[in-house]
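Welcome! Please take a moment to look over the structure shown here before reading on.

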Amino acid sequence: MDKKIGFIGAGKMATALIAGLRKTGYDSSCLWASSPTHKHLETLKNQWDIQINTDNMAVAAQADILILAVKPKDLTGVLNQLKSIIQPKKTIIISLVAGINAAFILDNLGKETKLCRAMPNLPVQSCKGITALWMNTSICPTDKTWIESIFQSVGDVVFLEQEKEINAVTALSGSGPAYFFLFMQALEEAGIALGLSADLSHALTLKTAFGSAQMAIESSSDFNQLCLEVAPQGGGTEQAIQALKSAAFMPLILTAVQSAKSRYDDILSEQQFPLPS
Ligand SMILES: NC(=O)c1ccc[n+]([C@@H]2O[C@H](COP(=O)([O-])OP(=O)(O)OC[C@H]3O[C@@H](n4cnc5c(N)ncnc54)[C@H](OP(=O)(O)O)[C@@H]3O)[C@@H](O)[C@H]2O)c1
């Protein structure tokens with residue numbers, strides 16, 4: 001029998017995780033989700049046959065593992081609801097919420113709460129995600145195994161020694177799929193500009209991205225060496241790489257990822273000291 005997992009919030013990330021878990025055979029009777037409206041809940045029920053409820057407390061009451069999958073702005077309200085029903089030493093809380101640290105959650109739920117902060121990315125829906133996990137000291141080895149097995153079933157898992165690394169992880173792999181999609185859009189549009197059909201350009205872009213990632217996974221070379229393999233001196237690829245580098249491609253990516261991280265760094269203070277509306 002699988003552990004009972006309750007999702008508080010039924011948006012994009014909860015849906016992606018539920019899809020991944022169901023695709024790997026997780027028992028649908030052990031998956032619950034709550035959300036204030038039926039908007040996403042009905043879709044989840046119809047597609048994955050999970051249990052749904054508009055009452056967070058009803059989901060929290062029966063969960064062994066409770067996954068917080070709401071936006072940061074909605075977390076305080078959710079924690080206020082949950083604190084009367086959570087048994088701190090029993091229920092495992094997994095927060096997916098970007099930018100909200102453990103201290104904030106434990107202040108609301110109790111210091112002894114078993115807490116894991118998890119940072120997955122949306123490819124979990126295809127069981128190809130990468131999830132970074134940080135856990136507090138109330139999590140015992142058995143809990144750790146349960147948590148790891150949930151995220152391993154939808155992709156790879158890395159463990160963080162320090163909670164403070166999470167915002168950088170969020171900026172890299174949490175947000176990362178969007179960067180790759182943008183690059184793929186640019187490549188597809190370039191193909192069309194060169195006279196290829198939209199369908200052909202789309203297919204070439206997609207398979208090139210997929211094949212390159214697979215090749216990098218299987219290779220012992222670093223990204224620079226792999227780039228050089230495709231871009232011998234004097235060839236067309238080298239010219240393209242030089243064009244990207246002289247347009248400050250590498251520093252631009254750094255600026256983009258830094259700006260994502262600084263956004264995540266700001267979230268906590270906005271919850272503690274909300275901006276006037
Ligand atoms: N999306 C990503 O790629 C990604 C990656 C890593 C981490 N995360 C984190 O995952 C969390 C969820 O992100 P998301 O992209 O899934 O957001 P989302 O699509 O906006 O989903 C949020 C969900 O929370 C529900 N909700 C709002 N208030 C609630 C309440 N009081 N009680 C219960 N549910 C409530 C919303 O319901 P309604 O739709 O009915 O308002 C919606 O179903 C965020 O904290 C984010 O930082 C997301």
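This report starts with the whole chain and then visits some of its parts.

## The chain as a whole

What you see is a predicted model. The chain has 277 residues, of which 30% are buried. Its secondary structure comes to 12 helices and eight strands. Along the principal axes, the C-alpha trace spans about 65 × 40 × 40 Å.

Contacts also tell us how the chain folds back on itself. Taking contacts between residues at least 6 apart in sequence, 67% of them join residues at least 24 apart.

## The sheet

Eight strands make up an open sheet. Reading across the sheet, the order is β3-β2-β1-β4-β5-β6-β7-β8, and the pairing is mixed. At the edges stand β3 (51-53) and β8 (155-159); each has a single partner strand, so one side of each is left without a neighbour in the sheet. From one strand to the next, the twist averages 25°.

For a look at one pairing, take β1 (residues 5-8) and β2 (residues 31-34). These two strands pair in the parallel sense, over four bridges. Here Phe7 has Ala33 in β2 as its bridge partner.

## Helix α5 and its two sides

Helix α5 covers residues 102-109, and its buried residues are Phe104, Ile105 and Leu109. Seen down the helix axis, the buried residues of α5 fall within an arc of 115°, so they line one face of the helix. On the other side of α5, Ala103 and Asp107 are exposed.

What do the buried residues of α5 pack against? Their partners are α4 (72-82), β5 (92-95), β6 (114-119) and α12 (249-272). The helix lies across β5 and β6, and runs at about 145° to β6. Just after α5 comes Gly110, with a positive phi of about 115°.

## Where α4 meets α5

Two packed helices are described by the angle between their axes and the distance between the axes. For α4 and α5, the axes come within 9 Å and cross at roughly 35°. On the α4 side, Leu79, Asn80 and Leu82 take part, and they meet Ile105, Asn108 and Leu109 in α5. The residues of this contact divide into four nonpolar, two polar and no charged. Two of the α5 residues here, Ile105 and Leu109, are also among the buried residues of that helix.

Lys83 sits in the loop between α4 and β5. Leaving aside neighbours within four places in sequence, Lys83 is in contact with Asn108 and Leu109. Is Lys83 buried, exposed or partly exposed? Lys83 counts as partly exposed, because it has 13 C-beta neighbours inside 10 Å. To get a sense of distance across the model, compare Lys83 with Ala203: they are 120 residues apart along the chain, and their C-alpha atoms are separated by 49 Å.

## Around the ligand

How many residues surround the ligand? There are 29, and the closest are Gly9, Gly11, Met13, Val97 and Ala98. The elements that give two or more residues to this shell are α1 (12-23), α2 (38-48) and α4. Of these, α4 gives the most, with four residues.

By class, the shell around the ligand has 15 nonpolar, 10 polar and four charged residues.

## Two loop residues with positive phi

Most residues other than glycine have a negative phi. Cys127 has a positive value instead, near 60°. Its place is in the loop between β6 and β7 (129-135). With 15 C-beta neighbours inside 10 Å, Cys127 counts as partly exposed.

Ala248 also has a positive phi, near 65°. This residue lies in the loop between α11 (236-246) and α12. Why is Ala248 classed as exposed? Because 11 other C-beta atoms lie within 10 Å, and a residue counts as exposed if that number is 12 or fewer.

Conventions. Residues are numbered from 1 along each chain as its sequence is written. This is a predicted model: local features need pLDDT of at least 70, side-chain atom pairs count only at pLDDT 80 or more; totals for chains, interfaces and linings use all residues. A residue is buried if 20 or more other C-beta atoms lie within 10 Å of its own, exposed if 12 or fewer, and partly exposed in between; C-beta atoms are placed from the backbone. Two residues are in contact if their C-beta atoms, placed from the backbone, lie within 7 Å. The arc is that of the directions from the helix axis to the C-beta atoms. A residue is near a molecule or strand if its C-beta atom, placed from the backbone, lies within 6 Å of it. Ala, Val, Leu, Ile, Met, Phe, Trp, Tyr, Cys and Pro count as nonpolar, Asp, Glu, Lys and Arg as charged, and the others, Gly among them, as polar. Two strands pair if DSSP finds at least two bridges between them. Axes are lines fitted to C-alpha atoms, for helices over the stretch in contact, and angles run from 0 to 180 degrees between N-to-C directions.
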